[in-house]
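Work through the two exercises below with the model open, and try each task before reading its solution.

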Amino acid sequence: MRKPLSLIAGAAVLGLALAGCSTGGGESDPGNADQVEVFTWWASGSEKVGLDALVKVFNEQYPDIEFINASVAGGAGSNAKAALASRLEANDPPDTFQAHAGAELTDYINAGQLQDLSSFYEEQGLTDVFPASLIEQLTVDGAIYSVPSNIHRANVTWVNTAVLEGAGIDPTKAPADIDAWIDDLQKLKDSGVESPLALGTEWTQMQLLENVLIADLGAEGYSGLWTGDTAWDSDGVKTAVDHYGELMKFVNSDFAGLEWDAATQILLDGNAGYNVMGDWAEAAFVQAGQTYGDEYTTWPTPGTDGVFDFLADSFTLPVGAPHEQAAKDWLTTISSAEGQKAFNIAKGSIPARTDATASDYPAYQQTAITSFADDTVVSSLAHGAAASISWSGDISSAVGKFGTDKDAASLVSALVAAADKALG
Amino acid sequence: MRKGIRNWGPPLLLVSPTVVILGIFVYGLIGANVSVSLSDRHSLQPAENFVGLDNYFALFAEERFLHSLYNLGMFTLFFIVGTMVFGFLWAWMLDKGVSAEGVFRSVYLFPMAISFVASGVVWRWLLNSAEGDRASGLNRIFESLGLGFLQNPWWSDPTWGMAAIALPAIWQLSGYVMALFLSGFRGIPEELREAARMDGASEWKLYRHVIFPQLSPVALSALIIVGHMSLKVFDLIMAITKAIYQTEVPATYLWVALTSNDYAKAATIATILLLFVAVLIVPYLIYTARSEKAER
């Protein structure tokens, strides 16, 4: 008799403990209006710091609303996207979720999972404070489905000044175009730098290709690639692919296995002269104790001056969000001048609003804020702004293949096939 | 009638939870997966049409999928040959009699205690393809030993890269194959060997005609176990290279298709993988069932 009793007691304790796990603090409750469940993949590093700063502002602006952090760590967001897809599939959406602004949202929009936020933009006056070119990139068939919390730039070339000076190249002046850049890369190689251009894994290769495409096609031609106005087998694209192939001759041999930060580290260590990477790389230089303009400098990738290749993290309002009003409050906070400032200073990006005070930000960000206000804004391919997830997946695989076989003709035909499939 | 129920009732009651759970969560889900693979659900939107085997034809016409099959083939080849050869050699040497056999056994078997993900992280560093000044891992070791000519790009090589990926897998499972073979060796009665020797068989003939034939069931089991693990390889590749084209196998391609919301394609790859494993496992199950019956 004693044994079964203790067994039952044990099971009861276990059950209680499990129940405690599921209802104890931080669980979304649809009946309670004063909650907002925010789904992100910001779980570590500068991203976590940024989110914390944002939550602090949110708590000040809306002290009655409980913030529930539903972040999913790892895999640069791919784990989070898988988790999110299954939640949306089960009709259990979070109140708002993070996504790259732009075409990456296409799948959710087509599946009718997102609410149109155009009226929210008008209420908040966001159409006036966000640059017109950004609003244009965010608009899908006359509707806007997300609110950007920050802006990153993807066409930045990071330069190790000492390495360039060693080969007699002036690091402060960017080469005029890709051809001039290739000449400089050759000079570096001749001076004994084995791999002058640091490169990493598949998506960083895709980002380099996108930079070359912008340089060779111009902003308008590049944007046309995503609408079907520019043909993928046009001479401009072929030139860009040839240029890209030339650039690949100057990269480190182990690129396929390196994450972006490992590639940037090659530059930091002085084993390369250049690295094309988004402006989140800034944090790596700051952490290494280097000064902008002294040990390192940046310019827009040669040939892309005057173009701002943008990507943005943004938040959405899913259909059937349990706390819709609270979610709108969260969107208000992230789009407010105060929220954007707190977040972007912590994360190293720049605010989407044009009324931000540039002097609040560090040196690199100040240059980016100026360019964002003045330049032509185009959407980044490597970061989900330009093409839908499956399209950029196909391009990524084609670029990865090119990394091993260096077959330009097959890259062009793969790019054409990917575009045909995506644009139908 | 009542006696009948008494006979089969309780056992049925006992196994029914398992049958129901297996029915829903294994066979039911396999069925659901196959039905998705026969639909046109290429996005988050619900499927609209039944498209038959179109997804399968499309997949086998795709250069990318054939490449992933090539990679899987290379990996499987090196993985199976590697584990069988090393496993057999070690078992044979232990069987010949060495001192401190227990130590060797644990040393060889130990890697199995580590997950593919954990060892993948270490091998990711060991198999670093940078050479010369920036070399690390094995290339650095070669360099510092004056064996610089042995440095190579490891998995970055387009043709032989998958052989490098197979290295950690071989390292991890050879010990297991060794344990299987060793138990096979130990299962052969000493009398048989003595009898063969009495009959004047040379050592080679003893192995060729007495021992190897008795090891073949063990070899078959080892082949099946290692083979089906190889076809499913996913975590090792994700840990070493992440999901990139160069080391793509069907399982990682499935992951890519799934995370880009192409449910029909992902389900199709999953079904193909299931068929691959079934082709290997089902004949084996039939064979063992038959031989068990024959023994009875």
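**Exercise 1.** Determine the angle at which helix α3 (residues 63-96) of chain B and helix α11 (residues 250-259) of chain B pack, and find which residues make the contact.

*Solution.* In this predicted model, local features need pLDDT of at least 70 and side-chain atom pairs count only at pLDDT 80 or more, whereas totals for chains, interfaces and linings use all residues. Residues are numbered from 1 along each chain as its sequence is written, chains are lettered from A in the order in which they are written, and side-chain values use heavy atoms, without hydrogens and water.

Step 1: the angle between α3(B) and α11(B) is about 145°, and their axes lie 8 Å apart; axes are lines fitted to C-alpha atoms over the stretch in contact, and angles run from 0 to 180 degrees between N-to-C directions.

Step 2: with contact meaning heavy atoms within 4.5 Å, α3(B) contributes R64(B), F65(B), S68(B), L69(B) and L72(B), while α11(B) contributes P250(B), Y253(B) and V256(B).

**Exercise 2.** Find how much area chain B and chain A bury between them, and how many salt bridges cross their interface.

*Solution.* Step 1: about 2200 Å² is buried between chain B and chain A, 52% of it on carbon and sulfur atoms, buried area being the accessible area (1.4 Å probe) that two parts lose on being put together, summed over both. L44(B), R134(B) and Y245(B) supply 28% of the area that chain B buries against chain A, more than any other three residues.

Step 2: 23 residues from chain B and 30 residues from chain A take part in the contact.

Step 3: the rule (a side-chain nitrogen of Lys or Arg within 4 Å of a carboxyl oxygen of Asp or Glu) finds 4 salt bridges across this interface. R64(B) forms a salt bridge with D394(A), with the closest N and O atoms 4.0 Å apart.

Definitions and conventions: Helix = DSSP H or I, 4+ residues; strand = E, 2+ residues; numbered from the N terminus.
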